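Student: I have not looked at this structure before, and I would like to learn how to read its features. Could we go through them together, one at a time?

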Amino acid sequence: MPFLGQDWRSPGQSWVKTADGWKRFLDEKSGSFVSDLSSYCNKEVYNKENLFNSLNYDVAAKKRKKDMLNSKTKTQYFHQEKWIYVHKGSTKERHGYCTLGEAFNRLDFSTAILDSRRFNYVVRLLELIAKSQLTSLSGIAQKNFMNILEKVVLKVLEDQQNIRLIRELLQTLYTSLCTLVQRVGKCVLVGNINMWVYRMETILHWQQQLNNIQITRPAFKGLTFTDLPLCLQLNIMQRLSDGRDLVSLGQVGPNLHVLSEDRLLWKRLCQYHFSERQIRKRLILSDKGQLDWKKMYFKLVRCYPRKEQYGDTLQLCKHCHILSWKGTDHPCTANNPESCSVSLSPQDFINLFKF
């Protein structure tokens, strides 16, 4: 280091051999250091601001992505295979077990409701889940449940068919949600409580829409039901499996009311749904001393489940334990896969996942 008074030379600089020159050198170096430090700090602040803005952008992007999958989304989770392997424990080939929510996501119920043979089956399954199995579904399965339910309601509003069936489904679901929301913190309703309150408000809106349906008489000038011979009318009425449909049909006109009160009609309906032992336990006599089959039917309905009949059902292959809709191809190694398939009622489907 040069002594005071020694000539100091650096590239592009020359200092006089005086104390003033040394002082000026220190001042200039100090100012340069402060300037460099200030520049560095400004740059560091700028980088931190950029990093903060970048993080904010990433958070906002993730939030938008999450909002795409919130309760208002209509996104349905599709899978390539329309079947699912049902296993209740770990094996050498598979680890874990199949859940009700997983099966609900995989079996393509959104398409099934468009098939008239499967519609009642899916609605009954939704009703059973709404009664007692809603909390066993995963968050994705609960979201799919609401999306499928919305499609069912929209189909009924458009077709104006099965109105009473969907009213009962919505009422069952609303009652279950009222109980679950009141017990918040003690149940497994996935998602924010406000989201479920919004869904309950949506259910009330759907119920109001169903109540406001005005069924218009089609402009048809051909042969109507009442124009048929009485024997044909009675034959058609015998094919109705719900006593409430008979009562509604009897309210159309006086002639149909007489037919709907036919004792043989109600007797066959009781014998179709209930066993002889159940019928003997609920005998009701009319004022004329005869069996009142109509009153007996509604008494039996309150005491025992009715026989369920569906055009198409889910089937379980006993050979490979694969669950699928009837007619769906699945990788079965049996020589005759159809002989290994067993039809499942909606309640059997629910029981399949109780372990």
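Tutor: We will take the sheet, then a helix, then the nonpolar cores. This is a predicted model, in which local features need pLDDT of at least 70 and side-chain atom pairs count only at pLDDT 80 or more, while totals for chains, interfaces and linings use all residues. Residues are numbered from 1 along each chain as its sequence is written, and side-chain values use heavy atoms, with hydrogens and water left out.

Student: In what order do the four strands form the open sheet?

Tutor: Two strands pair if DSSP finds at least two bridges between them, and strands are DSSP runs of type E with at least two residues, numbered from the N terminus. Here the order is E3-E5-E4-E6, with antiparallel pairing. Strand E3 (83–85) and strand E6 (341–344) stand at the edges with a single partner strand each, so one side of each has no neighbour in the sheet.

Student: Are the faces of E4 buried or exposed?

Tutor: In a regular strand the side chains alternate between the two faces of the sheet. Buried means under 20% relative accessible area, with exposed over 50% and partly exposed in between (1.4 Å probe, protein chains only). In E4, Leu314 and Leu316 on one side, and Gln315 and Cys317 on the other, are all buried.

Student: Which residues of helix H11 are buried?

Tutor: Helices are DSSP runs of type H or I with at least four residues. In H11 (residues 263–273), the buried residues are Leu265, Trp266, Leu269, Cys270 and His273. Seen down the helix axis, the buried residues of H11 fall within an arc of 130° (taken from the directions from the axis to the C-beta atoms), so they line one face of the helix.

Student: Which residues have the most contacts inside the largest nonpolar core?

Tutor: In soluble globular proteins, nonpolar side chains tend to be buried together. A nonpolar core is a set of buried Ala, Val, Leu, Ile, Met, Phe, Trp, Tyr and Cys residues joined through side-chain atoms within 4.5 Å. The largest one has 54 residues, and Phe109, Leu134, Phe145, Leu323 and Phe349 have the most contacts inside it. Helix H4 (residues 116–133) gives the largest share of this core, nine residues. Apart from it lies another core of 15 residues, among them Trp293 and Tyr304.
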